[in-house]
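This report describes a protein chain from its overall build down to single residues. The sequence and structure come first.

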Amino acid sequence: MVIFNPGKIIRKGYVSMKPGNIFIHHDGALGDMLLSLPCIQIIREFAAQIHLAGRRDVVHFLKEAGIVDEISSADSLRYSSLYSESLDDSMKSFLSGFYRSFFFTANTESALLHTIRRIIPATRAIQTIPPDNIPEHAAEFRVKQCGFGRIEAQQKVLVRISDKEKVWAAEFLNGRGYAAAGHGLFIVHPGSGGKKKCWPLEEYAELIALVMSNPSLFCLLLSGPAEDAETVRMLEQLARTGRRIVHLHDVPLIRVAALLERSRFYIGNDSGISHLAGIMHCRGVVLFGPTDPRVWKPTGGTLEVLKFDDETDGIGGQIQIRMKRSLDAC
């Protein structure tokens, strides 16, 4: 997929946009972006089209998932002029074609926000982090700032998975010994953007060894670009301990979503992939360390939260109880 290029759009004559076209700037990582989706879904009800500028991999996913219409990479050279005193004419013309914009940010006084507001006066800043003294869920906090008088942060976010990606997921699993009729897919993502957010990998390995004594389960280990080489090596080694354990590293997010759609149970840390599992309505458990799940837990309502710290014992047993309950219900 080709990322939307403002220069090309201008040359094709799309600058004169009809009222209802909305520009959204959001440079948060995957988890942060997914916490904004309830807000973005409300915004799109009032938009003929939405153009989303954000992190390359994340905006690609949201375009493929049918959540936004046009995308661009917020860290591309085209946007660099927004940070300088000399604004690029083509970027100014491009932004002038939108009648409203929304700017998701932790800093509502940023120079970039003021620049965009000069070009699109009807720009609303959405502060992404709730105040420390108000432990309100981040998705609810953002929805309240939309300005449309609706609070539906827990509404279903509809993610479209194409037939092509569903076929890919089926073929990937089947090619590694998974049989949909005889196996329950157990997905584990033991990584995160921050080490302090991670339940120890050794604990994951011990839990997986116990759980995989059940011959009806098939385990998929996920890792992404944020994982260091040692973690990836350990996951590869763990995958070699059983015929029904597979490791998959750094694939496009739409393919991760296609796999999560088939999951019977999910386990992960407070991470972007866990937020994606929540959006995909997976059943399972998310492990929280230092962060507050009242503010940062995944949306969707299907994932349970367990807190861990250096003094916590018995987390593995609690996960097994929840896993058995969920599998029995299926």
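The chain has 15 helices and 11 strands; helices (H or I, at least four residues) and strands (E, at least two) are DSSP runs, numbered from the N terminus. The model is predicted, so local features need pLDDT of at least 70 and side-chain atom pairs count only at pLDDT 80 or more, while totals for chains, interfaces and linings use all residues. Residues are numbered from 1 along each chain as its sequence is written, and side-chain values use heavy atoms, with hydrogens and water left out.

**Overall build**

The C-alpha trace spans about 60 × 45 × 35 Å along its principal axes. A compact globule of 330 residues would have a radius of gyration near 20 Å, and the 21 Å of the chain agrees with that. The radius is taken over C-alpha atoms, and the globule rule is 2.2 Å times the number of residues to the power 0.38. Of the 330 residues, 53% count as buried. Buried means under 20% relative accessible area, exposed over 50%, and partly exposed in between (1.4 Å probe, protein chains only). Of the contacts between residues at least 6 apart in sequence, 62% join residues at least 24 apart, where contact means heavy atoms within 4.5 Å.

Two packed helices are described by the angle between their axes and the distance between the axes. Helix α4 (residues 56-64) packs on helix α12 (residues 253-260) at an angle of about 55 degrees, with the axes 8 Å apart. Axes are lines fitted to C-alpha atoms, for helices over the stretch in contact, and angles run from 0 to 180 degrees between N-to-C directions. This makes α4 oblique to α12; angles under 35 degrees count as roughly parallel, over 145 as roughly antiparallel, 65 to 115 as roughly perpendicular and the rest as oblique. From α4, D57, V58, F61 and E64 make the contact, and from α12, L253, I254 and A257.

The buried residues of α4 are V58, V59, H60, F61 and L62. Their packing partners are α2 (30-35), α3 (37-44), β2 (49-54), β3 (70-73), α12 and α13. Just after α4, G66 takes a positive phi of about 75 degrees.

In helix α6 (residues 89-96), S90, M91, F94 and L95 are buried. Seen down the axis of α6, these buried residues fall within an arc of 130 degrees, so they line one face of the helix; the arc is that of the directions from the helix axis to the C-beta atoms.

R142 lies in helix α8 (residues 138-143) and is buried, at 0% relative accessibility. Beyond its neighbours within four places in sequence, R142 contacts H26, D32, L35, S36, C39, I126, Q127, T128 and W296.

S271 sits in the loop between β9 (265-269) and α13 (272-279) and is buried, with a relative accessible area of 6%. Outside four places in sequence, S271 touches H189, G191, S192 and Y266.

Most residues other than glycine have a negative phi.
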